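I opened the model today to look up a few places in turn. These are my notes, in the order in which I made them.

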4 protein chains.
Amino acid sequence: MSAQAATIAGTRIVPEALSRHALIERFQTIRNFTEHLCDPLETEDYVVQSMPDVSPTKWHLSHTSWFFENFVLDLEMPSYRSPKPEYAFLFNSYYVQSGERHYRPHRGLITRPTVEEVFKYRQHVSQHVEKLIDEASQETVVRIAPIIELGLNHEQQHQELLLTDIKHVFSVNPMKPAYAESKPVQRASATPLEWIPFESGVHEVGHSGASFAYDNEGPRHKVYLEPYELGSRLVTNREYLDFIEDGGYERAELWLTDARPKVDEEGWRAPIYWEKEDAGWRQFTLAGMHDLADDEPVCHLSYYEADAFARWADCRLPTEMEWEVAADNVQLEGNFVDSAALHPTSPPKANSGTVSQLFGDVWEWTGSHYSPYPGYKPAPGAVGEYNGKFMCNQFVLRGGSCATSITHIRSTYRNFFPADARWQFAGLRLARSV
Amino acid sequence: MSAQAATIAGTRIVPEALSRHALIERFQTIRNFTEHLCDPLETEDYVVQSMPDVSPTKWHLSHTSWFFENFVLDLEMPSYRSPKPEYAFLFNSYYVQSGERHYRPHRGLITRPTVEEVFKYRQHVSQHVEKLIDEASQETVVRIAPIIELGLNHEQQHQELLLTDIKHVFSVNPMKPAYAESKPVQRASATPLEWIPFESGVHEVGHSGASFAYDNEGPRHKVYLEPYELGSRLVTNREYLDFIEDGGYERAELWLTDARPKVDEEGWRAPIYWEKEDAGWRQFTLAGMHDLADDEPVCHLSYYEADAFARWADCRLPTEMEWEVAADNVQLEGNFVDSAALHPTSPPKANSGTVSQLFGDVWEWTGSHYSPYPGYKPAPGAVGEYNGKFMCNQFVLRGGSCATSITHIRSTYRNFFPADARWQFAGLRLARSV
Amino acid sequence: MSAQAATIAGTRIVPEALSRHALIERFQTIRNFTEHLCDPLETEDYVVQSMPDVSPTKWHLSHTSWFFENFVLDLEMPSYRSPKPEYAFLFNSYYVQSGERHYRPHRGLITRPTVEEVFKYRQHVSQHVEKLIDEASQETVVRIAPIIELGLNHEQQHQELLLTDIKHVFSVNPMKPAYAESKPVQRASATPLEWIPFESGVHEVGHSGASFAYDNEGPRHKVYLEPYELGSRLVTNREYLDFIEDGGYERAELWLTDARPKVDEEGWRAPIYWEKEDAGWRQFTLAGMHDLADDEPVCHLSYYEADAFARWADCRLPTEMEWEVAADNVQLEGNFVDSAALHPTSPPKANSGTVSQLFGDVWEWTGSHYSPYPGYKPAPGAVGEYNGKFMCNQFVLRGGSCATSITHIRSTYRNFFPADARWQFAGLRLARSV
Amino acid sequence: MSAQAATIAGTRIVPEALSRHALIERFQTIRNFTEHLCDPLETEDYVVQSMPDVSPTKWHLSHTSWFFENFVLDLEMPSYRSPKPEYAFLFNSYYVQSGERHYRPHRGLITRPTVEEVFKYRQHVSQHVEKLIDEASQETVVRIAPIIELGLNHEQQHQELLLTDIKHVFSVNPMKPAYAESKPVQRASATPLEWIPFESGVHEVGHSGASFAYDNEGPRHKVYLEPYELGSRLVTNREYLDFIEDGGYERAELWLTDARPKVDEEGWRAPIYWEKEDAGWRQFTLAGMHDLADDEPVCHLSYYEADAFARWADCRLPTEMEWEVAADNVQLEGNFVDSAALHPTSPPKANSGTVSQLFGDVWEWTGSHYSPYPGYKPAPGAVGEYNGKFMCNQFVLRGGSCATSITHIRSTYRNFFPADARWQFAGLRLARSV
């Protein structure tokens, strides 16, 4: 086996992952976790698409399987046959070079295949991928390991989307059903906000090395940063309530011009899952409706809201480079999907003078539009559509959330959403220039 | 028991229906038939709303139960408790006087209650209605019989809608699943079209007598008709194909001004469920995709298409009064849901000189806008919203279809749809002035 | 000259009109009146289209000229040349058989030809039509007289539209400019409403005879009417205010289902030109903003509003046949454009027991959808598109308004608008069944 | 007079400009040039708004006057009275802190004030500003000079918009009127494309010094650039035609995901003003329709088109920093509005090894989203809304165009438009990483 890391579409993979056994085990662990997330669901819950951005659970289960079928089995296993060739049309998301696709906003109109058939399809694909890894030549394994690794990271992204989407699906039901009881995570009081300073100078940012990363995280390159300061923790519900109570949503001068039609036409007056009742503010969570907790990080903000809040606070959002420089060499720990809290939590007691909560809880909106790094080149072919073609009119988020797997995140990871997207687990940290 | 028919909201009911036993039996028969129609469905099929006009099967099952709960049990059975008070919000269709309602186009976003819970809700309501009929005073039975009868007719309407809607749901799935194999109905060749003449003069139209009818079928009143002729049978697929092949959809001069934006923007070039393949035209049916049969009545036309076809044929659509005068005293027989064909069929051999196929197969578009009859008064209260508030910008259809129950239809029955609606089982018969 | 009336497209014309001199004089009178209506306008006022239903004044001036060019000069005067062949594209309204047309909602985007060029175009067309009448053979004059008569009636319709449209154009300007001072018409107090009864029976309705009428007014035919009563006068502003103050716009049960999205989305709370100020209600008129006068007929209602008001008053709108039977043989007099008031006025003192204000002031909404009369046939060719293709989802209005020429109206005249149209001079009269 | 430059809203102004006489002269020159641009227009041309992004000429004339009224006269000249207070509502563009505004897409619905009144309003404002400069205390002149300078730069921006918008207005007229004959600019053949290299390192970018610049051009700051190359000239029509003929618009893999709905729904197949006729491609210009010239810079591209072309050419767009570093110290010369060509021209003969056409001809799309520079702070108050609130979902363009004044542009100037905007004079230059 080559000691060199294989590379495809910006995906790099370390040699030790190329042990067949380890690869199969990792494949099974991640595939099983997807199914584990479905345990609390009823059959009806798998079918619905509550808005165009949301996909039905059924679709997530199928699409992540189609990914392996399309990018691995169809190419590398001549004997492989799809149980239904129409699935390729239904479960291709946006890869124009992989053929025609079903219209995205219509994913919730498809009753068949049934959930049972979808699970069979998953099993069919999984068994063939495992067989392929087990039986292929060493040369083939080296060649396909990176795309399998990409497929597993892709599956982890859809695990987070599955939770994000099912939360929205449940939220539009007037009966507000709960997905599951959340496992309580120890709560603390929010610590006073400190400002942590960073000096100016040339820094290296972006991914390097042999471990897996998406192509949009590289190439590693130099940037010059002017001096800046970051807030020591995430912004809390209590702080965001102050903004609301100060007329934040009504004061047009606090908002980007782009934001106002959304705010006005959709009547935004609070984060998407907040509801004001006579007894006070409540919030829809994956565990149903709960009272708003002052010290938790504010969650489910759009970029517009995060930006307006920062302006109201006479601060700004950090750039993604400022965030990455701060997160470099910080221990990767936090409230991830692995904790099963499924909700952001109050900050842990942190040492004064440090930036805490960089990972987990909520994705942090940065003030950086999502653009390619200098020298960025997407891979040839359909797999090159993974990231690059979205580099327009989106903003970068960093750090992962309570719905992200800890094995999926790192300091160079670039998530991205349009400025008006509110249903993902996103909050903010303040920054300021010196 | 009073010899007088009880009346509510234009609903008249004959005394013999007031036998408790007969009423319960009729109640059970009709309620069971709704559930029978669900036998071929998978759980996933119950959830989807494929366009705003369509309702999920789950919703039809619940709404027809809510109707009895709201208009009978809540009023007449003080001990009755709804299993979930939120159901009233979810399952009220359009009765503004019965309280706030869920937004119609969002019916397909609701995963809970589950299908199983919905069937339990149906059972709960049915058992209480039966108990009420069984145990109430004779006076109460006389009072509630008309509204129960209205509820049963309402349920039969939703049985037809359930089939109409699930056909659309399946049609938008690229895999084109079948609802069920249709029971073959004997096919004949279409007989040559004859013109059947009717003389001018004053006629009486509208419902009278003690049997059930909707309020919009009365009062019975006089109309003056100029002489006219009706086609002896329905227009066939072959005849409609001639229209298509003659450029019917492209020739703007054949169409109402209102129709063109729809035709152009949605690219209409054939009835909604037709598809042209290399080997010829095919049609989506409740039994899946089938070759187009020349001699079957053309089905799933909008008013716009029926009107353009008639203009192309140098004819016109009959008015609803011309249709009713022709149907008066004609034996009620035809291809109804009871035959389980679930698809229109070629006409039976008919005696020359008679108007055939007046009932069943397809609803017949008339050239009459849906307006109130002279002296029409809706009932007071929410039940008065059943028909009257829709008397604007819709057209009347007559005669029932292959998805209608034979016990639900009669010569005075007025169905109505907007001019652009295409998903219901609707075709046409030609008429002309003399 | 033939003693026979020539007929085209349902247009009938009496022999005496065929005197060349009289025809030219009538042509000049009506053409000049169009230009007279433009006297108060600035150049900028001619250009704007304030909503898709409105046409710029410039367009009305050109289109009415194109009508004569297209239907008379191009066919009957071989030597005629259009000054700009592109005008046919720009100034054809909706005659698909006369060739491609400019997109209607874009009429206000066209700055050239200038107003001066448009007036030259009018003059060019007028001179040639006059020359044609003057010099053509007698046979030709007989043949073209009906289409010229149609063109003149068409021009009178556009005179009313010109006023209706320029009122809307001025109304959307926050500075609320006035078109012109209105000539005061003597005001009276509204008389108490009386109910005038009509008996049941067979009546003849529709146009007959040699005078001009549109094709949609015939054929004359018999109808049977049940007994009914009409209000002795139009509904007044004061009565409509009572409806508003009783929560009329908020009470959904008073409205057609079709109406509510409009009412809710566009926030209807009063007729289109009413504004509530601290000192009371005011109304935009062609003479600018004025205080609302209690006793004037309510004006600028949609069908939806007229229908909701009638339901609130426990009455209904008359059918168009009920109106026509009442108007038959009534003297044609009232407040027309000829009075230059350009605004509806309080009713004249009327004899008790009679139906007053049938003509002029405001068009009266009827409860009748706009449908063809029995035996109706549009003329062949483009001119047949004048009326027939609009017979869908519109309602009939009767009697003319303060913007109609007295020489343009008659008891059989059928105007028609969609149910949501509010910018035309339309009000209502109550009716009820007996 | 203070030797210090006065500063407002990022506007810096050199002391010598504070000579009253020089300031008045500059004020008059720029104000007069706006009116000079209107010379070829007819009254009707001033009124129309051909799409929401376009403003009527009348509005540009008024808004630029309102700017001086609102930001100078109302604050600094107590005796000043607006001729019509309603103008503030009509002619405020987007300054929420300056009060309520007219709805932008409705600017073309306003016929009054007339063009004549608008010119009077301009004169009224100009005379008062001149009087103020002439008569105010020296201290006041120092204080207001920066805001007057901002107003003059603002007016120059609207001069370019006026031309850009009137071109669009004329283009939607099927008669394709010409604004004016363009003054021919000497044409050359396009030189072969050379790649000009730039080295990596830390650069300073952004405006500094005492001359005027917008606030978004600063603060001057350091950036690190990786090595890159720029095309020696702009992309030509011929090169863009190659892209079209290679199926560029149809090949989805060349486009950003965001772009495809626009391309597909609006049927983009060429730049907005190109039309393919039998004899070949033609292009609408301010001088009317002309044959497409191969060697001219391609113009009127959206960002989407520029980006897709660059991807097709296996290159990319330069970042705004790469562009600025290349333009630093380059002589400011080119084809500007001052040449009266009003159309981009073939490149001048350039020395090999240099980057030519950086200024004038067409704005150059960069690959940089429009974001604030480190340390950017908008001015307090309404004037701070000038730039900052648009820093979301737009891209930066550099270098000016044939519709820009040479006195208005510089190497640090940041123009910005949304990615789908096509009506401005925008083209592209290729770049690539090394």
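I began with B:His168, which I found in helix H5 of chain B, residues 138-171. I keep in mind throughout that this is a predicted model. Is B:His168 buried or exposed? Its relative accessibility is 7%, and buried means under 20%, so I noted B:His168 as buried. I then listed what B:His168 touches, leaving out residues up to four places away in sequence. The contacts are B:Ser50, B:Met51, B:Val54, B:Ile272, B:Tyr273 and B:Trp423.

Next I compared chain B with chain A. A rotation of 180 degrees, with 0.0 Å of shift along its axis, superposes chain B on chain A at an RMSD of 0.0 Å. I wrote this down as the relation of a two-fold axis. Which C-alpha of chain B is nearest the axis? I found that of B:Glu44, 2.9 Å from the axis. I also checked the interface residues: 100% of those of chain B are also interface residues in chain A, so the copies meet through the same surface.

I moved to chain D and its helix H9, residues 320-327. How many of the eight residues of H9(D) are buried? I counted eight of eight, and recorded the helix as mostly covered. Among the buried residues are D:Met321, D:Trp323 and D:Val325, and the list also includes D:Glu320, D:Glu322 and D:Glu324. I then asked what the buried residues of H9(D) pack against. The answer is a set of strands of chain D: E3 (195-198), E4 (201-205), E5 (221-225), E6 (228-231), E10 (363-369) and E11 (395-398). Just after H9(D), I noted a positive phi of about 70 degrees at D:Asn329.

Last, I looked at a sheet in chain D. Three strands form an open sheet there in the order E7-E8-E9, with antiparallel pairing. Strands E7 (274-277) and E9 (288-291) of chain D stand at the edges with a single partner strand each, so one side of each has no neighbour in the sheet. From one strand to the next the twist averages 35 degrees.

Notes. Residues numbered from 1 in each chain as written. Chains lettered and ligands numbered in written order. Predicted model: local features only at pLDDT ≥ 70, side-chain atom pairs only at ≥ 80, totals over all residues. Heavy atoms only, no water. Least-squares fit on C-alpha atoms with pLDDT ≥ 70 in both. Contact = heavy atoms within 4.5 Å. Buried < 20%, exposed > 50% of the residue type's maximum accessible area, 1.4 Å probe, protein only. Helix = DSSP H or I, 4+ residues; strand = E, 2+ residues; numbered from the N terminus. Pairing = 2+ DSSP bridges. Axes fitted to C-alpha atoms, helices over the stretch in contact; angles between N-to-C directions.
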